[in-house]
Amino acid sequence: MKIPKPELLTPYRRIFLPEPAVYSGTPNSELVPGSLYPEWVPNDHCFAFDRNGMCHIFGITHPLTSCRAIHAGEEQLFHAAAKAEFLLTGEPFRDCGNLLPPADRPGEPAARNQHRRPVLVRAIEQEHIRMKLDGRTVKSEADILRALHDVETGHEEFAVLSQADLDFIQTAGGELEYRDSTGQFRVADAPVSAEMIQKAFLSYYRGDGGCRIMFQWELLPAAPAFLQNIKRLLFGK
């Protein structure tokens, strides 16, 4: 079997440049705790999307050292953030400061001061209980698929999947909008297929952030009539 060779298909773009920071790990042959180091090296990392439209990176980091001590000082995690559309806009990630030095992990053996690749696991069930579909509590993904089928077949005019503070994703068939703390957006290239609308709603429900980067979104200048629909559903107004 031929194993595919990795290729760089687009120009290389650096999305995160760490800021100078104080080293808060344990001393070693090249690093002194409490000293300011101008260059830091991001290592193994993971991405996470929040419900406010932001993408976060968490990963291992350490001050730049010689090759002899290339993994020395990997005792903190870096945190960087950017809007979830960074892949489309080219927006760089901003440094949010380093996390979890040994002093913030009391009780761990000294041999475990060095971090390994972080992995984030979200408790989906806890967040789902706060979500509503057309004013009703969502119990499962099947509820969402049924509502979208009703819109597609003309039995309902629209479907709105919402959470606190009037954040929502909605469709009236063939179009798609979402609202978060940064504004209200609409998919630029309509009509949107029923399959893609389903994927967007399920992504929003799962909280994985995919719905924000699978389309080209345009900011709406003002909230349209859909906002009145969700106010009526949630507050009876």
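## Ground rules

Two strands count as paired if DSSP finds at least two bridges between them. Strands themselves are DSSP runs (E, at least two residues) and helices are DSSP runs too (H or I, at least four residues), numbered from the N terminus.

This is a predicted model, where local features need pLDDT of at least 70, side-chain atom pairs count only at pLDDT 80 or more, and totals for chains, interfaces and linings use all residues. Residues are numbered from 1 along each chain as its sequence is written, and side-chain values use heavy atoms, with hydrogens and water left out.

## Strand β10 and its partners

Let's start with β10, residues 168–171. Three bridges tie β10 to β11 (residues 177–180), and the two run antiparallel. Across that pairing, Phe-168 sits opposite Arg-179, and Gln-170 faces Glu-177. Five residues lie between the strands of this hairpin, and Gly-173 has a positive phi near 90°.

On the other pairing, β9 (residues 159–162) joins β10 through four bridges, again antiparallel. There, Leu-161 has Ile-169 as its bridge partner.

## Two covered faces

In a regular strand, side chains alternate between the two faces of the sheet. In β10 both faces are covered: Phe-168 and Gln-170 on one side, Ile-169 and Thr-171 on the other, are all buried (under 20% relative accessible area with a 1.4 Å probe, protein chains only).

Zooming out, seven strands make an open antiparallel sheet in the order β8-β7-β9-β10-β11-β12-β13. β8 (136–137) and β13 (217–219) are at the edges with a single partner strand each, so one side of each has no neighbour in the sheet.

Helix α4 (residues 194–206) packs on the sheet and touches β9 and β10, with contact meaning heavy atoms within 4.5 Å. The direction of α4 makes about 165° with that of β10; axes are lines fitted to C-alpha atoms, for helices over the stretch in contact, and angles run from 0 to 180 degrees between N-to-C directions.

Notes
Buried < 20%, exposed > 50% of the residue type's maximum accessible area, 1.4 Å probe, protein only.
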